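User: I have a complex to go through and would like a quick tour before setting anything up. Can you start with how the terms are used, then take my questions as they come?

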Amino acid sequence: MSTLLEVSGISVTFDGFRAINNLSFQIGSAEMRAIIGPNGAGKTTFMDIVTGKTRPDEGRVIWGEKSVNLLKMSESQIARAGVGRKFQRPTVFEDQTVLENLIMALKNRRRPFSVLGYRRSAEDVGRVEVLAEEIGLKAELPRKAGELAHGQKQWLEIGMLLAQEPRLLLVDEPAAGMSPMEREQTTAILVEAAKTRAVVVVEHDMEFVRRLNCKVTVLHEGSVLAEGSLDHVTANQEVIDVYLGR
Amino acid sequence: MQRSFFMRNPSVLIFIGLLALFTLLVTVFSEAFGVGVISTSLVKTLGKTLCLCLIAIAMDLVWGYCGILSLGHFAFFGLGGYMIGMWLMYERTKAIVVSSLAEAPLPPTADEIRDGIGTQIFGVVGGAEIPPIWFFADSLFAQLVLVVTIPGLLALIFGWLAFRSRVTGVYLSILTQAMTLALALYLFQNDSGLRGNNGLSGLQNLPGLDDVPQATISIWFLWASAFALGLGYLVAAWVVGGKFGSVVRGIRDDEARVRFLGYHVESYKLVVFTLTAIIAAIAGALYYPQAGIINPAEIAPIASIYLAVWVAIGGRGRLYGAVIGAAFVSLVSTWFTGGQAPDIPLGFYTIQWVDWWLVLLGLSFVLVTLLAPQGIGGLFDLFTNRKTPERGGADLGPDAGSLQEKEAEQ
């Protein structure tokens, strides 16, 4: 399997605090990966670097077949290149309808003047309806996103991510605040997505990670502590020390 | 798959209908074309108010929809006025100079006419030379092009610098204030080439139309202002109505999220900022011929702050709110400061509205912001059923995401 994203030797320092320390990571083009680690391990900072929000002090982030350097690109360019990100807190546009949210996310031309001349085509509405069906929000399309329940907002955000048709999905704690039923459905959506693209899930909840049934990367103090199956890493003495305290 | 534009934006047709009705009524009651109930000065006030409504729409686009609290849009308004004022003043002065030189034994040369115009216009600031920026002043077409391009360019350059360095929120507001203040201070200088604090005057006289009475001209400008306002409303509704509006409102609510969706936020802000600057400039170019005079005090920072107050009181985030706010507040303001409002004697002190109007305005601004953030426009929600999501009440289920009491009852 070809490598989609290759992060090598990145380090970031915030006011003298080393949030990421010589971290290397890679993921294939159709692969699911879970990242776990205690608070402050650098999980969110890692996502910030890949999506262009934070610039590392050193290291390289290489993307795709053409080996593009992501560090030279702006957030929006990276997003257009195919990196989608879901935040921990559901961030949907509450003042707009579910349909508008999805149409905005739908993969299309993004330049201001193309958007100004945009008209909703039957094809686009069709794509949105299929997506809405998938995330269980078909009946809610004309409702304002702000009226949705918390779990529905999470799904809407996942739906918006899928609408972007990214090649790499970065998902930050998708199961937070969801009921067991909703978690199951979220798992199913993510596993389905990982068949055609790379999915990176950051999660605290070990039970959820177990259900994803994928390779796990353990972060600690800004670098990779262990990598492998969940059973493999949880048997690792260092990981046990970090999680359970010394 | 989409319903037609007017179906989706019923306020556009209603607004244009009301505007046409208003214009017709004013025309019918005017001195020039009708029964003469409405005085020419009132027609001018109404025409000017329409221009203020137009810049309020621009402010609503940039602030209410895009979330950029610009406190500098009156700079563009003033620049638009200056650009048209240059032509008006130059051509009128030229006509005067030509007629006075016509009595001389020899026909005047082009240089003599030019010198005469220079002395007439710039004598007041101690000069006689026509500055280079007046190069196009004898061409109406060129100055009309400048009405759009000069403020547009200023907005483009300013916006590019500000947005590129990701200046947002209150810092951006301060920057826009600084821009308008700097421009006003520059124009106050005598050697700015625009007559310093004297500004440009006599703009109510249209060159070549000396025989047309002001009563008629005022109605022409009322029509032009109404047309521009209707068109501006239409353009604004079109811009915010579709996906572009969706993205722009997204930028207002969560800029970072829009960025991660792949939209280049800075370009969008720049487009909105420049477009609204151009709308403001057109409004200014229609306003000052009705006001008759423009000077740098018009560009002072306070003017742009008033603009924000109008839009806030009218209700930002909806176009008709901005129009209502601008019309209502500026007309009430004219009434209070024009000495027409009766004083209130309290025995020990008499409230004179000329002095106390600003206190009243400030108070209403604070009250609207605190108690009715939707502004006057929010009243329309009472009968159009536009509900804002309210997720009050306790959770009904064990999870944070479950239905809440009030939702379940609906």
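Analyst: Helices here are DSSP runs of H or I with at least four residues, and strands are E runs of at least two, numbered from the N terminus. One caveat is that this is a predicted model.

User: OK. How much of residues 356–383 of chain B is helix, and how far apart are the end C-alpha atoms?

Analyst: That span is 68% helix and 0% strand. Its end C-alpha atoms lie 35 Å apart.

User: And what about residues 217–240 of chain B?

Analyst: Residues 217–240 of chain B are 100% helix with 0% strand, and 34 Å separates the end C-alpha atoms.

User: Which residues of chain B does UniProt list for "transmembrane region"?

Analyst: The unreviewed UniProt entry lists 73–90, 140–163, 170–188, 217–240, 267–287, 293–312, 319–336 and 356–383 of chain B under that name.

User: Switching to chain A. What does the secondary structure come to?

Analyst: Chain A has ten helices and ten strands. Its C-alpha atoms fill a box of roughly 55 × 40 × 35 Å along the principal axes, and 45% of its 246 residues count as buried.

User: How does the radius of gyration of chain A sit against a compact globule?

Analyst: The two agree, because a compact globule of 246 residues would have a radius of gyration near 18 Å and chain A has 18 Å. Among contacts in chain A with a separation of 6 or more, 67% are between residues 24 or more positions apart.

User: What is the strand order in the open sheet of chain A?

Analyst: The open sheet has four strands in the order 2-1-4-5, with antiparallel pairing. Strand 2 and strand 5 (68–69) of chain A are the edge strands, each pairing on one side only. Inside that order, strand 1 (residues 3–14) and strand 4 (residues 58–63) of chain A run antiparallel and are joined by five bridges. One of the partners across that pair is Ile62(A) in strand 4, bridged to Glu6(A).

User: Where is Asn22(A), and what is its phi?

Analyst: Asn22(A) is in strand 2 (residues 17–28) of chain A. Its phi is near 50°, a positive value in a residue other than glycine. Most residues other than glycine have a negative phi.

User: Why does Asn22(A) count as partly exposed?

Analyst: Asn22(A) counts as partly exposed because it has 14 other C-beta atoms within 10 Å. A residue is buried with 20 or more and exposed with 12 or fewer.

User: What about parallel pairing in chain A, around strand 7?

Analyst: Strand 6 (residues 83–86) and strand 7 of chain A pair in the parallel sense over four bridges, and Gly84(A) has Leu169(A) as its bridge partner in strand 7. Strand 7 also runs parallel to strand 8 (residues 198–202) of chain A, joined by five bridges; Leu168(A) stands opposite Ala198(A) there. The chain goes from strand 7 through helix 7 (residues 180–193) to strand 8 of chain A, a right-handed β-α-β crossover.

User: Is strand 7 of chain A mostly covered or open?

Analyst: Strand 7 (residues 168–172) of chain A is mostly covered, with four of its five residues buried.

User: What do strand 9 and strand 10 of chain A form?

Analyst: They form a hairpin with two residues between them, and Glu221(A) in the turn has a positive phi of about 50°. Strand 9 (residues 215–220) and strand 10 (residues 223–228) of chain A run antiparallel over five bridges. Val218(A) stands opposite Ala226(A) in strand 10.

User: Is Val216(A) buried or exposed?

Analyst: Val216(A), in strand 9 of chain A, is buried because 24 other C-beta atoms lie within 10 Å. Leaving out residues up to four places away in sequence, Val216(A) touches several residues, including Ala34(A), Ile36(A) and Leu230(A).

User: Last topic, the interface. How many residues of chain A are in contact with chain B?

Analyst: On chain A there are 35 residues in contact with 28 residues of chain B. Helix 2 (75–81), helix 3 (98–105), helix 4 (112–116), helix 5 (122–134) and helix 6 (150–163) of chain A each supply at least two residues of that side of chain A. By class, this side has 13 nonpolar, eleven polar and eleven charged residues.

Notes
Residues numbered from 1 in each chain as written. Chains lettered and ligands numbered in written order. Predicted model: local features only at pLDDT ≥ 70, side-chain atom pairs only at ≥ 80, totals over all residues. Contact = placed C-beta atoms within 7 Å. Nonpolar A, V, L, I, M, F, W, Y, C, P; charged D, E, K, R; others polar. Pairing = 2+ DSSP bridges. UniProt positions renumbered as here; feature names shortened; annotations may be inferred. Rg over C-alpha atoms; globule rule 2.2 N^0.38 Å. Right-handed = clockwise from strand over helix to strand, strands pointing away.
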